[in-house]
Amino acid sequence: MKYLFYGVHWLVCCCIISVPGVLASPLTVVDLASDQAWRLSIEGGLGALTGALGQRLGDRLMLRTKAESIETVEGGFVVRCRTEDRDPTALRCRRLVMACSAAEAARLLEPHAPTAAEELTTIDSASLAVLNLGYRREDVGHNMDGFGFLVPQNEPDVPVMGVLFADTVFPHLAPRDARLIRVFMGGARDPDVGSKSDDELVTTAHSFLTDLLQLSGKPTMVDVTWHRSAIPQYHLGHAAKVTRIRAATAEIDDLHLVGNYLEGVSLNDCVRLATTMAKQLIEQRETQTCETAAEQATVVA
Ligand SMILES: Cc1cc2nc3c(=O)[nH]c(=O)nc-3n(C[C@H](O)[C@H](O)[C@H](O)COP(=O)(O)OP(=O)(O)OC[C@H]3O[C@@H](n4cnc5c(N)ncnc54)[C@H](O)[C@@H]3O)c2cc1C
């Protein structure tokens, strides 16, 4: 169940692109044959989604910018930021939504809400590596006629978490003469994966898949992407912990948290939480009679 979300990302895309009014530019849904209409992907990959959101924000979007610290001031917040190739900036805003990881939220909140920060630091997050392995079609004996497989917890000797037959699910992902296999490694069950090199992971994955998929050649394309501390672990008592975190942060007016460590890890959980939050903030703004500071964040230094 823990890994189910890997198998449902096409459904997730469906939920997101149907959110009305969120996106300025329409996303192009990949045209699949009608018998494959239950799957859905976005041309250009999921990055097209954040790209479309970014376009909507225009020059209000600050990329490669890290929030170094936050200060609470009369009528709002000042967020001190560092951008890769620019001088540090300070942004003033009336309301603040922190949409980063639990660990980063803990760091930023520590001076203002130490109890919440302490709770946030206890949320474990697992790291994983995603390997995209491309093979010549003739080097793959198995016909890969499925979405792939997930490895259950009672098979600890299997070195991967799951495998997606990427070009079976989305044929546009590979040229006709090639196969694309996406391998997930690491996670909470295999924290040691972080100490391995990309080459070691590729070798392990390839030798594991060789018998299973009747591989007769090495991958001709390899891409390894690390997602460190990316998957929060919902251990027993998580819901109560989230309630305590929210109670502690509620003491700071107009500060809000969203993210995958609160109400679900999947993309649709994150979008649902963020949408609810955005609606609440819009409603609040509409009922407020007295504006104490500019609604949009402004640069103050
Ligand atoms: C490999 C992988 C595969 C997945 N597959 C699926 C799937 O198939 N289906 C599904 O539903 N879900 C999937 N998920 C889960 C889902 O994608 C994530 O849980 C979700 O995207 C997390 O969204 P988020 O907004 O909480 O965090 P993120 O998307 O991580 O966003 C947090 C952002 O905050 C920024 N940030 C952090 N600190 C600061 C700071 N100090 N200042 C400024 N910015 C900061 C980060 O740079 C980042 O951009 C997958 C996750 C992974 C890692």
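The largest nonpolar core of this predicted model comprises 25 residues, and those with the most contacts inside it are Leu-128, Leu-131, Val-160, Ile-181, Val-183, Met-185 and Ala-205. A nonpolar core is here a set of buried Ala, Val, Leu, Ile, Met, Phe, Trp, Tyr and Cys residues joined through C-beta atoms within 7 Å; a residue is buried if 20 or more other C-beta atoms lie within 10 Å of its own, exposed if 12 or fewer, and partly exposed in between, with C-beta atoms placed from the backbone. Two or more residues are given to this core by each of β5 (125-136), β7 (162-165), α6 (166-169), β8 (178-186) and α7 (198-212), where helices (H or I, at least four residues) and strands (E, at least two) are DSSP runs numbered from the N terminus. Strand β5 supplies the largest share of the core, six residues. In soluble globular proteins, nonpolar side chains tend to be buried together.

Residues are numbered from 1 along each chain as its sequence is written. Because the model is predicted, local features need pLDDT of at least 70 and side-chain atom pairs count only at pLDDT 80 or more, whereas totals for chains, interfaces and linings use all residues. The average pLDDT of the chain, that is, the predictor's confidence in each residue from 0 to 100, is 86, and 84% of the residues score at least 70. Over residues 1-25, however, pLDDT stays under 50, and the model has 39 contacts beyond four places in sequence for this segment. Where pLDDT is low, the predicted coordinates should not be read in detail.

The chain contains nine helices and 11 strands, and 21% of its 301 residues count as buried. Among contacts between residues at least 6 apart in sequence, 62% join residues at least 24 apart.

Strand β5 runs antiparallel to strand β9 (residues 221-232), to which nine bridges join it; strands are taken to pair if DSSP finds at least two bridges between them. In this pairing Val-130 stands opposite Thr-225 of β9. Strand β5 also pairs with β8 in the antiparallel sense, over nine bridges, with Leu-133 opposite Ile-181 of β8. Elsewhere, an open sheet of four strands with antiparallel pairing has the order β1-β2-β3-β11, and its edge strands, β1 (65-73) and β11 (298-299), each pair on one side only. The antiparallel pairing of strand β3 (residues 89-93) with β11 extends over two bridges, and Thr-298 in β11 is the bridge partner of Arg-92.

Val-193, in the loop between β8 and α7, counts as buried because it has 21 C-beta neighbours inside 10 Å. Its contacts, leaving aside neighbours within four places in sequence, are with Ser-127, Ala-129, Met-185 and Gly-186, while its C-alpha atom is separated by 7.5 Å from that of Leu-128, 65 residues apart along the chain. Leu-255, placed in strand β10 (residues 255-257), is likewise counted as buried, with 21 C-beta neighbours inside 10 Å. The C-alpha atoms of Leu-255 and Arg-95 are separated by 6.1 Å although these residues are 160 apart along the chain, and Leu-255 touches Leu-96 and Thr-249, not counting residues up to four places away in sequence.

In helix α5 (residues 114-121), the buried residues are Ala-116, Ala-117, Glu-119 and Leu-120. Seen down the axis of α5, these buried residues fall within an arc of 165°, so they line one face of the helix, the arc being that of the directions from the helix axis to the C-beta atoms. The buried residues of α5 pack against α4 (102-109) and α8 (238-249).

Backbone geometry was also examined at two positions. Arg-64, which is not a glycine, has a positive phi of about 50°; Arg-64 is in the loop between α3 (47-57) and β1 and is exposed, with 9 other C-beta atoms within 10 Å. Ser-229, also not a glycine, has a positive phi of about 45°; Ser-229 lies in strand β9 and counts as partly exposed, with 16 C-beta neighbours inside 10 Å.

Definitions and conventions
Two residues are in contact if their C-beta atoms, placed from the backbone, lie within 7 Å.
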